[in-house]
Amino acid sequence: MNNDSTTKILTCIICPNSCRISLTYDPDTQEITSIHGALCKKGKDWVEQELFKPMRTLCSSIRITGGREPLASIRTTKAVSLSSIKELMELIKASSIKAPVEIGQVVLSEPLGLDCDVIITRGVDRL
Amino acid sequence: MNEKINVSILIIGAGPAGTAAALGAKEAGEDSILIIDRDTRAGGILNQCIHDGFGLMRYKRALSGPEYAQLDIDSCHKKNIPILTDTYVHTIIKGDDHFTIKAIATGRLYSIKAKAVILAMGCRERTAGAISLPGSRPAGIYTAGTAQRLLNMQNTLVGRSCVIVGSGDIGLIMARRMTLEGAKVQAVTELQSYPGGLDRNIRQCLDDFDIPLYLETGIVSVHGNDRVCGITIAPLRSDRTLDMKNSQYITCDTILLSVGLIPENELSRSLDIAIDPITQGPIVTGDLMTSCPGVFACGNVLQVHDIVDLVSEEAKRAGRTAVSFVSGAYADTKELFSIYAGEKIRYCVPQVITPSSTTTLSLRVTEPITDATISITNDATLIKKRRYSFTQPSEMIQIEISVPENLVGSLEVNCE
Ligand code: SF4
């Protein structure tokens, strides 16, 4: 191994096999020189993405007015880049929805121009 | 008002275990089923687990807790399985050929006659008392699950600056949740040399937000009079004593405890059901029947699971076997053999087994192991062998086995 490369071990989180994938890359050029330990191709693709542009599903709550409970839970329908999560949280915190809400209902459509919707994951009945 | 109810199978708890047990029983042909839950909403703990990652095995997609729970609740509704919420089971009395269950709801007393009972009450968290946290007891100390409930159900953030003691999954999930809500999570501490929670949660809940995890670190003292104002932590030496020279004080207004879960077995104890000292859940047969014939257990009341999909699977099985018990297809003359958790195996469920049966063994290892081989043997005869490139105590391992007809003494599970 030359001095310019970095080795990292990441645990693949796609399936419960939890493969420990070790990879070596050049931090300057962002070029991956080796990947070991993935049991399948999905793991290889994931680890590349994870290293340079991690994607996450955001799960949180949204305020509900006139409901039996003060909050409904929500999530993004797709994973979004980790770096966009802070701004997305702020948008969600500034929003509120009138009860009733149902599982699957879209509350924010393509927020911040992201390729996803924000949907309800725990419904709230009207008071 | 007194109400009398007669059912074949009574299920206590409408969380993922209870609802799946009911669906399992229904699929096996039983129509007389009732589920009781003390909460207002069915779904159990999943209602407050708003993060995703549930259902990856069962549905091949990542759902949040409430969504996962709702799928089975909806199926129960569709199949006309009644769920009594806001109802608290007070006592279970064993009769000759049935059980009498006393339950309380607002303005109502139920007396329920059932032929079989499925325990699906889940678990609760270990508290500060249970781990003897040193220092004062100011306000601002919560279990991670309580803080989760307050935040996700009642919109109350318990603090602005927080240290999490213990690296169990709920603690890790709360580290992320509190960070997203604007609190500063200073650190997570763990006594062991490995985290208590799943790898995926270390990565997504701590690493994503640069929250440090201090392994092999203990609590010197909690500070504060009325409210927590800080905590002193120190690394452990190899003899497990605190290395005070390297202690550090962290300013914080809140401490969350994520130091383990305990199956909730008060009701089981009232039936004198034998409890496993390690799992703290009932001792069961391969059919998930407890030491009290006709009483079955599944989900976190039996053993604390880390993946809900496995809870549902186990519970369905309990539902099916309860039906075979009720229909009389059950010979109680079957001889029982014990399963012995041997080398590097912390526990094994079921704890007893009958010859020529098939079952799923659930087990955990005692420490992180690379290139682990788990073998199940009986009197030097190998029954099954499985290899794992890596395993650790936070991952439950399940192995399906066919128990041979002729057993000599106990079955042994070992890891090397
Ligand atoms: S690499 Fe493939 S097999 Fe291994 S954990 Fe990832 S998805 Fe699963």
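In chain B, the centres of domain 2 and domain 3, taken over C-alpha atoms, lie 34 Å apart, the domain bounds here and below coming from an automatic or database domain assignment. The model is predicted, so that local features need pLDDT of at least 70 and side-chain atom pairs count only at pLDDT 80 or more, while totals for chains, interfaces and linings use all residues. Residues are numbered from 1 along each chain as its sequence is written, chains are lettered from A and ligands numbered from 1 in the order in which they are written, and side-chain values use heavy atoms, with hydrogens and water left out.

The assignment divides chain B into domain 1 (1-125 + 261-331), domain 2 (127-259) and domain 3 (334-416). Of the area that domain 2 of chain B buries against domain 3 of chain B, 78% is supplied by B:Tyr194, B:Leu198 and B:Asp199, more than by any other three residues. Zero salt bridges are counted between domain 2 and domain 3 of chain B, a salt bridge being a side-chain nitrogen of Lys or Arg within 4 Å of a carboxyl oxygen of Asp or Glu.

Turning to the interface of the two chains, 30 residues of chain B are in contact with 30 residues of chain A, and about 2500 Å² is buried between them, 53% of it on carbon and sulfur atoms. Five salt bridges are found across this interface of chain B and chain A; in the one between B:Asp208 and A:Arg56, the closest N and O atoms are 2.5 Å apart. The elements of chain B that give two or more residues to the side touching chain A are β4 (63-64), α2 (65-78), α4 (144-154), α5 (169-180) and α6 (199-206), helices (H or I, at least four residues) and strands (E, at least two) being DSSP runs numbered from the N terminus. That side of chain B divides into ten nonpolar, ten polar and ten charged residues.

Chain A is itself divided into domain 1 (6-53) and domain 2 (59-120), whose centres, taken over C-alpha atoms, are separated by 31 Å. The residues around the ligand, each with a heavy atom within 4 Å of it, include A:Cys12, A:Cys15, A:Cys19 and A:Cys40, and this shell holds seven nonpolar residues, three polar and no charged.

Some backbone details remain. Most residues other than glycine have a negative phi, and most peptide bonds are trans. The peptide bond from A:Ala99 to A:Pro100, however, is cis, with omega near 0 degrees, and A:Pro100 is placed in the loop between β8 (96-98) and β9 (106-109) of chain A. In chain B, the peptide bond from B:Val349 to B:Pro350 is cis, with omega near 5 degrees, B:Pro350 having its place in the loop between β21 (345-349) and β22 (352-353). B:Lys60, a residue other than glycine, has a positive phi near 60 degrees and is found in the loop between β3 (52-54) and β4 of chain B.

Technical notes
Contact means heavy atoms within 4.5 Å. Buried area is the accessible area (1.4 Å probe) that two parts lose on being put together, summed over both. Ala, Val, Leu, Ile, Met, Phe, Trp, Tyr, Cys and Pro count as nonpolar, Asp, Glu, Lys and Arg as charged, and the others, Gly among them, as polar.
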